[in-house]
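I opened my notebook to go through this model one place at a time. Here is what I looked up.

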Amino acid sequence: MEIEYVDGFPQPYAQMDAAPYWQACARGELTYQHCTGCGAVVWPARSFCPECDGEALEWRRSSGKGRIYSHSTVGRGPTPAWQAIAPYTVGFVVLEEGYHLFTQIEGKPEDMRIGRPVEVAFIKRGRQTLPVFRCAE
Ligand SMILES: [Zn+2]
């Protein structure tokens with residue numbers, strides 16, 4: 001699959017299972033799947049539960065609150081669009097609901113530390129609304 005770029009940024013492709021996730025992002029809501037059969041948090045989006053193989057998955061709204069699980073600051077972006085916003089930090093955030101999201105974490109590189117509380121915010125990149133995280137005070 002060829003990656004599509006808008007304004008220099010790669011656009012996520014909305015595979016069928018993840019379409020509701022991207023639609024929620026456009027509304028400013030962070031969502032995840034929950035298995036009503038066994039109670040598992042399912043992430044990334046799937047058509048069945050990896051814990052019980054059940055298909056009774058529902059979308060739930062995340063609190064958007066979590067903690068930095070890991071992080072890395074990029075000093076030189078891979079494309080001119082990313083170079084223009086460098087340095088920037090990416091990493092895994094573990095949400096209160098228990099799933100990990102790979103994301104951009106906004107803030108000064110020196111303020112990043114594992115375990116720091118963060119909250120979701122939404123930004124526009126190209127025509128896609130993306131979740132990013134900001135350090136919570
Ligand atoms: Zn399940």
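**Entry 1**

I began with Trp 22, which lies in helix H1. Helices (H or I, at least four residues) and strands (E, at least two) are DSSP runs, numbered from the N terminus. The model is a predicted one: local features need pLDDT of at least 70, side-chain atom pairs count only at pLDDT 80 or more, and totals for chains, interfaces and linings use all residues. Residues are numbered from 1 along each chain as its sequence is written, and side-chain values use heavy atoms, with hydrogens and water left out.

Is Trp 22 buried or exposed? I found Trp 22 buried, because its relative accessible area is 18%. Buried means under 20% relative accessible area, exposed over 50%, and partly exposed in between (1.4 Å probe, protein chains only). I also checked a distance: the C-alpha atoms of Trp 22 and Val 6 are separated by 16 Å, and the two residues are 16 apart along the chain.

Next I went to Trp 59, in strand E5. Trp 59 has a relative accessible area of 29%, so I noted it as partly exposed. I then looked up its contacts (heavy atoms within 4.5 Å). Not counting residues up to four places away in sequence, Trp 59 touches Asp 17, Pro 20, Tyr 21, Thr 31, Tyr 32, Gln 33 and Ala 45.

**Entry 1: the zinc ion**

Which protein atoms are the donors of the zinc ion? I listed Cys 35 (SG), Cys 38 (SG), Cys 49 (SG) and Cys 52 (SG), lying 2.3 to 2.4 Å from the ion. Donors are N, O and S atoms within 2.8 Å of the metal (3.2 Å for Na, K and Ca); water is not among the atoms, so sites may look incomplete.

Along the chain, the donors follow the spacing C-x2-C-x10-C-x2-C. Cys 35 lies in strand E3 (residues 31–35) and Cys 52 in the loop between strand E4 (41–42) and strand E5 (57–61), so this pair ties together parts that are 17 residues apart in sequence.

Why is the arrangement tetrahedral? The four donor atoms subtend angles of 103 to 116 degrees around the zinc ion, and that makes it so. The rule for four donors is that all angles lie between 85 and 135 degrees.

Cys 35 counts as buried at 1%, and Cys 49 counts as buried at 0%. Cys 52 counts as partly exposed at 36%.

Then I searched for disulfides, each a pair of cysteine sulfur atoms within 2.5 Å. The count comes to zero.

Most residues other than glycine have a negative phi, and most peptide bonds are trans. I looked for exceptions.

The peptide bond from Trp 43 to Pro 44 is cis, with omega near 0 degrees. Pro 44 is found in the loop between E4 and E5. The peptide bond from Ala 86 to Pro 87 is also cis, with omega near 0 degrees. Pro 87 lies in the loop between helix H2 (80–85) and E7.

Asp 7 has a positive phi, near 55 degrees. I placed Asp 7 in the loop between strand E1 (5–6) and strand E2 (9–10). Asp 7 counts as exposed, at 63% relative accessibility.

Asp 53 has a positive phi as well, near 65 degrees. Asp 53 lies in the loop between E4 and E5. Its relative accessible area is 57%, so Asp 53 is exposed.

**Entry 2: the nonpolar core**

A nonpolar core is a set of buried Ala, Val, Leu, Ile, Met, Phe, Trp, Tyr and Cys residues joined through side-chain atoms within 4.5 Å. How many residues does the largest one have? I noted 21, and those with the most contacts inside it are Leu 30, Leu 95, Leu 101, Val 118 and Phe 133. Helix H1 (19–26) and strands E7 (88–95), E8 (100–106), E9 (117–125) and E10 (128–135) each supply at least two residues of this core. The largest share, four residues, comes from E10.

I followed up Val 118. Leaving aside neighbours within four places in sequence, its contacts include Gly 64, Ile 68, Val 93, Ile 105 and Phe 133.

Notes:
Four donors count as tetrahedral if all angles lie between 85 and 135 degrees; four count as square planar and six as octahedral if opposite donors are over 155 degrees apart and all others between 65 and 115; anything else is irregular.
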